[in-house]
Structures are given as C-alpha cells and as structure tokens.
Amino acid sequence: MARTKIPWADRTWNPVTGCTPCSPACEHCYAKRMANRLRGRFGYPQDKPFSVTFHEDRLQEITRRQKPACIFAGSMTDFYHPGVWAKWRRQIWDAMWACGQHRFMVLTKRPERMVKCVLQEASRRQFGWTHTTRPPWRPGDDAALEDIYYRDQCGWVGEGSTSESGWDCEHPDSDGECNIECPIFCQADTDSDGRELDDDGMPIDHEWMECYARVRDGAAANVALGFSAWDQASLERGSRALRRLRWELGPWAMLFVSLEPLLSPVTFRMEYYGDQYREPGDEPHWWSPLDLYTFEGLPRVDVPILNQVILGCESGPNRRPFQAEWARDIRDQCIVAGVPFFYKQGHDSNGKVEHIPLLDGRTWTERPEWFFNPEVKGNA
Ligand code: SF4
C-alpha cells in the first residue's frame, strides 16, 4: 500500500494490476504508463506488464494498517474488467469488509458490470448463494421467503432479462412473466418467520421494499462505489447503472462519480428513458442522479443517487483541452442539489495543470462526511 498524491485519498492499494483500454478517456492511462515503466518489477510481468494480474500477497496490507485511512482500491486496474476473476474479487471484498477502520474508494469505467458483480457479492454474503451458484428452486423444495421474493435470483429468470426490461420467467408452470402469479411464490402460505401471506402471496404487513432490502445488509458499508465519466454519454450510462445500485443497496451505500478526465461539458439533467421508450409526440421525462431518491418505510428516506461528484481535467503528456467553465457548471448543479463537489484538478491561467484549483475565489474539496467520519450525521 502506497501513499498517494491523489487529494481525495490517503493511500492506494492494488491487489490487482493491469487492464485493457475501453474508452476514449483511457487514451493516456496513467496505470498503463506506470506498468510499462515498471515491467518486470513490483509484480508487473516482464512480457505483458499491463495484463490483468492478481497479487494475493497484497491482501493483508490493509489488515496490517490499523490507523484509519481513505484508500483508493484498485488505482492501477479496473476491478470490473472481465479478466478480474470473481474469486479474486471475493477475496478483495472480504479483505475490505474485515477492515472497518478504513474507507475504500472503488472506481470503474465498467459501471454495468460493477452493478452486477456487487449485487452478486452482496447476495452471497447475505443469503450464502449467488445468481450463478444457487441451484434452481423447484416446487416442493423447502424454500425461505427471500428465495422466493428475490426475483432475479429464483433460478428461473430468463437469460438476458433485466430489471429495466422486465423479468422473463422460464418456470414450466408460469405464464412466461415474473409477476404475482409466480408458481414458486404462490406455494408458500407463511413466510420464513411463520407470518401469514395475503392472497397475492405477500406477507401481511410486510412491504415489498423491506423484503427486497434484505440484500442491503450484504453490502460493505465502508466501500464507496463510483464510476468514471468523461462525456455526456458515459455519464448517462453510469448514472443509470448506479440508480439501480441505489435502489438495491439502499440509502446507506456511498455512491459517487469521478468526472476525470473530463473531455467535454456535461450536465446531470438527462432523459429518463431515452428515445426508445418514448412514443412520437410524448414529452421527455427528465431526471438527475443528484435528485433525492425516496426510500419509503425506512428511517432515512431521502438521499441523492450520487453522494459525491469529483471533477478533474486530464494531466500528463498530450493532455486534452479543458475549460473551467465546465467545472463551474457542474459545481453549480451540485450546489443546487446539495451534493458535495470535489474539484480535483484544472488548468491555471497559463494552461498548466493545477491541483485543487480555485474556482470563483475558493477551493472545492467537499465530501460526504457521514461516510468518512461516521460520527458526523447527515445525508449528503
Ligand atoms: S479503465 Fe482505467 S485502468 Fe483501464 S485502461 Fe482505462 S484508464 Fe486505464
């Protein structure tokens, strides 16, 4: 584990190194430059230094450090690169989970994959099985209610269906859709705590949200999950993915976006569905990942989908243009929404990269203190 100059972290920790460029923002990847420079040393393979490599011996580094730190986990990789095996990620997750004294920041350019993997991991912790390891439930089996309720993990969900598209059901006794006619769901007339179910198979006095919320206890509370965005399309893609994560993990998850390197102006105001769901003539529906998300029935009800926005220009050789006006616009949107804004780096008046630059006479290094300092209460 190394000290870092990244101003929003104290340390970096790299139990995996290596990646494959997957976006225009990867063009001048620092991790790749460093891997090539250090080939054959510090665990980087000699022949292909930027190939995805697991360093099991580094897992204990975070355990050995007792002094609390904010740790950027995976600064020299992307944990959600397809070459990072689930069994490695599981060990990494277990190690972070065991180190409650630290706060970890995990960042990806593959947000959809992150959502899928995080939910599998949370499910494994909570129920002891995941989408891929749990055998299909069959009528007559002894099933706990959560097996039945947790729709996308019942074992009968059609391949490729998602919460956005709706779940297809492949159970031989179903009408093809996952709905309250569920043949598994309707078998049970009491839940796992012995409570009675109503005619729809829902437990009496038991909210759907509360059942679904069970996976929330499987998420690591000391790990912040973020995605990188560099233009409007990547911001919208990642925001949609994290909207699902907010819903699944609940209000206590720390979710963030890193707009670095920001390559063009962006806005958080985005169309809800996109054109494919809109009839001709329909008005678009707008939403923002800075909007408050309401969790009815939970004590802490309103949180933004994203808890923090980090922004920075590109640095290093051949860096691409950047304008402070882009940062100002995003900062203003954060102020209106009450979301912490961290302006990590910009250009000075000579076009040189400046760390923690001034914007309108002051620096912007806000962060959600409830996550970094748990004794500070509050949502943002
Ligand atoms: S995803 Fe990140 S680590 Fe991977 S190539 Fe792109 S910038 Fe580098």
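Me: In strand 7, which residue is the bridge partner of valine 106?
Reply: This is a predicted model, where local features need pLDDT of at least 70, side-chain atom pairs count only at pLDDT 80 or more, and totals for chains, interfaces and linings use all residues. Residues are numbered from 1 along each chain as its sequence is written. Strands (E, at least two residues) and helices (H or I, at least four) are DSSP runs, numbered from the N terminus. Valine 106 has as its bridge partner in strand 7 leucine 225.

Me: How many bridges join strand 6 to strand 7?
Reply: Two strands pair if DSSP finds at least two bridges between them. Leucine 107 and glycine 226 form one such link. Strand 6 (residues 103-108) runs parallel to strand 7, and the number of bridges is five.

Me: Is strand 7 mostly covered or mostly open?
Reply: A residue is buried if 20 or more other C-beta atoms lie within 10 Å of its own, exposed if 12 or fewer, and partly exposed in between, with C-beta atoms placed from the backbone. Val223, Leu225 and Phe227 point one way, Ala224, Gly226 and Ser228 the other, and all are buried. With six of its six residues buried, strand 7 (residues 223-228) is mostly covered.

Me: Why is strand 6 largely enclosed by the rest of the structure?
Reply: Look at both sides of the strand. Arg103, Met105 and Leu107 point one way, and Phe104, Val106 and Thr108 point the other way. Strand 6 is largely enclosed because its buried residues number six of six.

Me: Which residue in strand 8 is the bridge partner of serine 228?
Reply: Strand 7 also runs parallel to strand 8 (residues 255-259), joined by four bridges. In strand 8, phenylalanine 227 has valine 257 as its partner. For serine 228, the partner is serine 258.

Me: Which strands are the edges of the open sheet?
Reply: The sheet has nine strands, with mixed pairing, in the order 1-2-5-6-7-8-13-14-15. An edge strand pairs on one side only, and the two here are strand 1 (2-3) and strand 15 (353-355).

Me: How many residues of the shell around the ligand are charged?
Reply: A residue counts as near a molecule if its C-beta atom, placed from the backbone, lies within 6 Å of it. The surrounding residues include Cys19, Pro21, Lys32, Asp78 and Lys109. Asp, Glu, Lys and Arg count as charged; Ala, Val, Leu, Ile, Met, Phe, Trp, Tyr, Cys and Pro as nonpolar; the others, Gly among them, as polar. Six are nonpolar, one is polar, and the charged ones number three.
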